[in-house]
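I opened my notebook on a structure that was new to me.

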Amino acid sequence: MKKRIWIMICLFLCMVSGCGEVSRSYFEEASEAEEEMNLQKNETERMYVTETETEVNSDCYVYICGAVVHPGVYKLNAGSRIYEVVSAAGGLLDNACEDSINQAEEVTDGQMIKVLTQDEAQGQEIPEREEDAGSSREADGKVNLNTAGAAELMTLPGIGEAKAGQILSYREEKGGFSSIEEIMNITGIKEGVYSKIKDYITVN
């Protein structure tokens, strides 16, 4: 009788011990599953932050003023063109000089675009005529870097108001361009821009 009781006690202890192992295994598996879920959650949050930063960096702010309906600062997508800024500003005024800006030029963050009136554009060309500077556009239709005014320089692909002003400043400082390749000394005008304008410029 006593032997049977001891056997039952031993079986009970074995059963309890086995349940403990099952319980411990269950909790270990649950802990691993929870850890994996946390890793997936962190990865998802990291990807969201990266995408958000990319979206933020894809915006640019451009200030347009002068002869437009609604001058001001406008937010556009990176890679937008000046014509899109003009459209956002309500379009050009009737007295605007369309040739004073290159509407096909790509905008950059922080860029200022000033649309000249027809009177302002003509006023920029007066000093050249007074000095008998000669025609800024040659017979072959090319723009002469040594005589062109800002408005005419901005008719070149990729040349906006800022770059045109830099070209004029460089020309005044150096006494003129000795070759068309020298225009790459201007900040922001490298191989990419030069390849677009080299067939349209001259220094003769």
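**Helix and pocket notes**

I started at the end of α5, which is followed by G175, a residue with a positive phi near 80°. Helices here are DSSP runs of H or I with at least four residues, numbered from the N terminus.

The model is predicted, so I noted that local features need pLDDT of at least 70, side-chain atom pairs count only at pLDDT 80 or more, and totals for chains, interfaces and linings use all residues. Residues are numbered from 1 along each chain as its sequence is written, and side-chain values use heavy atoms, without hydrogens and water.

Next I checked the length of α5. Its 14 residues reach 20 Å from first C-alpha to last, close to the 20 Å expected at 1.5 Å a residue. The expected span is 1.5 Å times one less than the number of residues.

Which residues of α5 are buried? I found K163, A164, I167, Y170 and R171. They lie on the same side of α5, because they cover an arc of only 125° around the axis. That arc uses the directions from the helix axis to the C-beta atoms. The face turned away carries exposed A162, E172 and E173. Buried means under 20% relative accessible area and exposed over 50%, with a 1.4 Å probe and protein chains only.

Then I looked up the largest pocket. It is lined by 20 residues, with E105, E106, T108, G158 and K163 nearest its centre. α5 (161-174) and α6 (191-197) are the elements that give two or more residues to this lining. α5 gives the most, four residues.

Key. On a 1 Å grid over the protein atoms alone, a cavity is a set of points where a 1.4 Å probe fits but cannot get out, and a pocket is an open set with protein on both sides within 12 Å along at least five of seven lines; lining residues have an atom within 4 Å of a point.
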